[in-house]
Amino acid sequence: MKCAFIVLLCIVFGTAMAVDDKCDCQRGKRGKPGRNGQDGTPGQNGAPGQKGEPGQKGDPGRNGAPGQSGPQGQEGEPGPHCVKPSSCPIGFVFNSTLKSCYYFMYNADGSWFEGDWFCARQNSHLVSIESEEEQLYLYMRLTLDSQQRKRFWTSGNKFNGQWRWDSGSCSQSNLFSYTNWYPGDPGEPVRKSRPEEICMAVALYKGLDWHRVPCHERRNFICELNLQAL
Ligand SMILES: *[C@@H]1O[C@H](CO)[C@@H](O)[C@H](O)[C@H]1NC(C)=O
């Protein structure tokens with residue numbers, strides 16, 4: 001009876017019941033547990049993820065090709081050498097007889113080239129003493145301004161063995177005509193000139209004498225802008 005009841009329970013509730021041992025009387029012994037089953041097939045791919053955020057800004061593009069050449073510019077103004085100014089630059093004094101403007105540099109000195117450069121920046125040139133009148137004017141001016149014992153560059157220099165005024169004028173002929181050389185200067189053989197003595201300065205002593213000087217020596221200087229000769 002007892003066993004029959006248990007068998008009945010087994011039938012009703014199946015093997016899931018925790019009564020295995022009790023059912024042995026009617027049914028065969030339980031087999032050993034089966035082997036583990038094989039791995040299942042991989043699941044299906046999941047649904048696509050959500051849309052990502054926008055990417056970062058890209059690098060700038062490359063430069064374009066150069067543009068075409070522009071049209072030709074207008075013709076420039078004439079260079080300073082051939083411009084005819086109508087009045088003296090600031091700081092210059094005018095002599096109406098000589099029709100020239102003069103700038104007297106009393107408180108600075110420099111080489112011949114530095115003086116030339118300074119005058120060029122004022123649209124002028126180192127002074128050219130082209131007549132006795134001009135020589136007298138400079139002598140008078142320097143004397144009145146108490147410039148005794150001072151020495152000044154002029155535009156005079158020696159080129160191809162000839163002394164000339166480097167006044168930058170448009171006229172071709174600017175060789176010395178009037179001169180007032182200090183005795184023996186530049187004439188040989190009283191004092192043989194050295195090759196580097198190719199620039200001309202004036203010195204105010206008894207008169208305003210002309211001297212040949214190495215161009216690198218330092219002198220005061222005088223600029224001139226002739227309003228008529230250009
Ligand atoms: C200009 O130069 C002439 C010639 O040397 C001279 O007689 C005259 O006094 C000068 N004029 C002035 C204003 O310095």
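**Figure 1. Packing of the buried side of helix H2.** In this predicted model, in which local features need pLDDT of at least 70, side-chain atom pairs count only at pLDDT 80 or more, and totals for chains, interfaces and linings use all residues, the buried residues of H2 (112–121) pack against E2, strand E3 (125–126), E4, E6 and E8, where contact means C-beta atoms, placed from the backbone, within 7 Å. Residues are numbered from 1 along each chain as its sequence is written, and helices (H or I, at least four residues) and strands (E, at least two) are DSSP runs numbered from the N terminus.

Figure 2. The buried residues of H2 (20 or more other C-beta atoms within 10 Å of their own; exposed means 12 or fewer) are Trp-112, Gly-115, Asp-116 and Cys-119. Seen down the helix axis, they fall within an arc of 100° and so line one face of H2, the arc being that of the directions from the axis to the C-beta atoms. The face turned away from this buried side carries the exposed residues Phe-113, Trp-117 and Arg-121.

**Figure 3. Trp-153 in the largest nonpolar core.** This core (buried Ala, Val, Leu, Ile, Met, Phe, Trp, Tyr and Cys residues joined through C-beta atoms within 7 Å) has 24 residues, and Trp-153 is among those with the most contacts inside it. Not counting residues up to four places away in sequence, Trp-153 touches Trp-112, Gly-115, Leu-126, Cys-199, Ala-201, Arg-219 and Phe-221.

**Figure 4. The shell around the ligand.** Asn-95, Thr-97, Leu-98, Glu-133, Leu-136 and Tyr-137 surround the ligand, each with its C-beta atom, placed from the backbone, within 6 Å of it. The largest share of this shell, three residues, comes from H3.

Notes:
Contact = placed C-beta atoms within 7 Å.
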